[in-house]
Structures are given as C-alpha cells and as structure tokens.
Amino acid sequence: AQAVNITELTLQQLELLKGQLDQSAGDAKDFFKRKIDFLTKQMEKIQPALQEKHTMKQAVMEMMSQKIQQLTALGATQAGTAKA
C-alpha cells in the first residue's frame, strides 16, 4: 500500500476512490449477512441436542439429590441405632 495525500487527488480520482469504498462496504455487508445466516443455521441445528442434554442433566441432578437424601437419612438412622 502506498500513502497518498488526498488533497492531491483529482475529482475523478476521488469519485473512483469513493466507488471502491462503497463497493468494499457492500461486500463487507454481504459477507457479514452470510456469516450471520450461517451461524443462525448452526445454532438451529444444535439447539435440539442442547435441550436434550439439559433435560438429561436435570434428571441426573434430581436422581443425585434423591440419593443424597436417602444416604443422609440412612446415616442418621444408623447413628441413632449405634447410640442406643
């Protein structure tokens, strides 16, 4: 890239530069629109799997909680029997 003093450019050169900048901005907008569309589709693909994993995690947490309560109750019962 070469440094250019913008004040030295002719009107025609400035118009050409403006056209290139407008095109670059349009290309960037198109790129990011495609990127957003791609990411949205990927999120839609993985959402059901994530929901299922969340449901399974909740079930495991519930089961673990029940087991801990059972073990706690069993320990308290055994501690009470040992004292007697």
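Helices, in the sense used here, are DSSP runs of H or I with at least four residues, numbered from the N terminus. In this predicted model, the secondary structure comes to one helix and zero strands. The radius of gyration of the protein is 33 Å, well over the 12 Å that the globule rule gives for 84 residues, so the protein is more spread out than a compact globule. Taken along the principal axes, the box that the C-alpha atoms fill has dimensions of roughly 105 × 30 × 15 Å.

K29, which is found in helix α1, is 42 residues from L71 in sequence, and the C-alpha atoms of K29 and L71 are 60 Å apart. A73 also has its place in helix α1, and its C-alpha atom is separated by 27 Å from that of T55, a residue 18 positions away along the chain.

The accessibility values complete this overall picture. Of the 84 residues of the protein, 0% count as buried, and the accessible surface comes to about 8100 Å², of which 63% belongs to carbon and sulfur atoms. A73, at 42% relative accessibility, counts as partly exposed.

Against this background, which side-chain contacts does the model contain? Side chains of opposite charge can pair when their charged atoms come close. The structure holds two salt bridges. In one of them, the side chains of D22 and K18 meet with an N to O distance of 3.0 Å. Both D22 and K18 lie in helix α1, which spans residues 11-83, and they are four residues apart, about one turn of the helix.

How exposed are D37 and K33? D37 is partly exposed, with a relative accessible area of 35%, whereas K33, at 52% relative accessibility, counts as exposed.

A pair of aromatic rings is described by the distance of the centres and the angle of the planes. The count here comes to one aromatic pair. The ring centres of F31 and F32 are 5.0 Å apart and their planes stand at 80°, so the pair is edge-to-face, a class that calls for an angle over 60 degrees. F31 itself counts as partly exposed, with a relative accessibility of 40%.

There remains a nonpolar feature on the surface. I6, L11, L14, L17 and L21 together make a nonpolar surface patch of about 460 Å². One of these residues, L11, lies in helix α1, and at 64% relative accessibility L11 counts as exposed.

Notes: Residues numbered from 1 in each chain as written. Predicted model: local features only at pLDDT ≥ 70, side-chain atom pairs only at ≥ 80, totals over all residues. Heavy atoms only, no water. Salt bridge = Lys/Arg side-chain N within 4 Å of Asp/Glu carboxyl O. Helix = DSSP H or I, 4+ residues; strand = E, 2+ residues; numbered from the N terminus. Buried < 20%, exposed > 50% of the residue type's maximum accessible area, 1.4 Å probe, protein only. Phe/Tyr/Trp six-rings, centres within 6.5 Å; stacked < 30°, edge-to-face > 60°. Patch = residues over 30% accessible without salt bridge, like charges linked within 9 Å, V, L, I, M, F, W, Y side chains within 5 Å. Areas by Shrake-Rupley, 256 points an atom, 1.4 Å probe, with all protein chains shown as cover. Rg over C-alpha atoms; globule rule 2.2 N^0.38 Å.
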